[in-house]
Amino acid sequence: MYSGDSDMHKMTEATGGRVIDVGNKPEKLRDAFDQIAQELRSQYNIGYTPTNTTADGGYRKLEIKSKPDLKIQARKGYYAVRQ
């Protein structure tokens, strides 16, 4: 049976997300929502303006550095979409 787990992990890796596997267990779903709620109360969003403004369709790698005790959840880069 195909579950899509591998594809889901690939997609979340590329977009800076993660997979929370709850299966068919209501208590795991409750725990997942509690975990998500906690994370939403303690997150920050950052933005930036790239120095390379060429819209050539190329891939731009992103690197975010922080103090060692902080968890960074972000995508690894983006494509500079052609106009």
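**Salt bridges, surface and pocket of the predicted model**

Aspartate 56 is partly exposed, with a relative accessible area of 34% (buried is under 20%, exposed over 50%, partly exposed in between; 1.4 Å probe, protein chains only). The structure is a predicted model, in which local features need pLDDT of at least 70 and side-chain atom pairs count only at pLDDT 80 or more, while totals for chains, interfaces and linings use all residues. Residues are numbered from 1 along each chain as its sequence is written, and side-chain values use heavy atoms, with hydrogens and water left out.

Aspartate 56 is paired with arginine 60 in a salt bridge, with 3.1 Å between the closest N and O atoms (a side-chain nitrogen of Lys or Arg within 4 Å of a carboxyl oxygen of Asp or Glu). In contrast to the partly exposed aspartate 56, arginine 60 is buried at 12% relative accessibility. Over the whole structure, the search returns 4 salt bridges. Among them is the pair of lysine 76 and glutamate 13, whose side chains meet at an N to O distance of 2.8 Å. Because lysine 76 lies in the loop between β1 (59–61) and β2 (77–79) and glutamate 13 in helix α1 (residues 5–15), this pair ties together parts that are 63 residues apart in sequence (helices are DSSP runs of H or I, at least four residues, and strands runs of E, at least two, numbered from the N terminus). Both partners are partly exposed: lysine 76 has a relative accessibility of 47%, and glutamate 13 has 45%. A further salt bridge joins the side chains of lysine 65 and glutamate 63 at 3.9 Å, N to O; both of these residues are exposed.

A polar atom of the threonine 12 side chain lies 3.0 Å from the backbone oxygen of histidine 9.

Serine 42 is placed in the loop between α2 and β1 and is partly exposed at 48% relative accessible area. The serine 42 side chain has a polar atom 3.2 Å from the backbone oxygen of glutamine 38. Between serine 42 and proline 68 the C-alpha to C-alpha distance is 17 Å, for a sequence separation of 26 residues.

The largest pocket holds about 910 Å³ of space (an open set of points on a 1 Å grid where a 1.4 Å probe fits, with protein on both sides within 12 Å along at least five of seven lines; lining residues have an atom within 4 Å of a point). Its lining consists of 23 residues, with Tyr44, Lys71, Ile72, Gln73 and Ala74 nearest the centre. Helix α2 gives the most to this lining, with 3 residues.

How values were computed:
Polar contact = N/O pair within 3.5 Å; in protein donor to acceptor, adjacent residues only side chain to side chain. Points joined across faces, edges and corners; volume = space filled by probe spheres on them.
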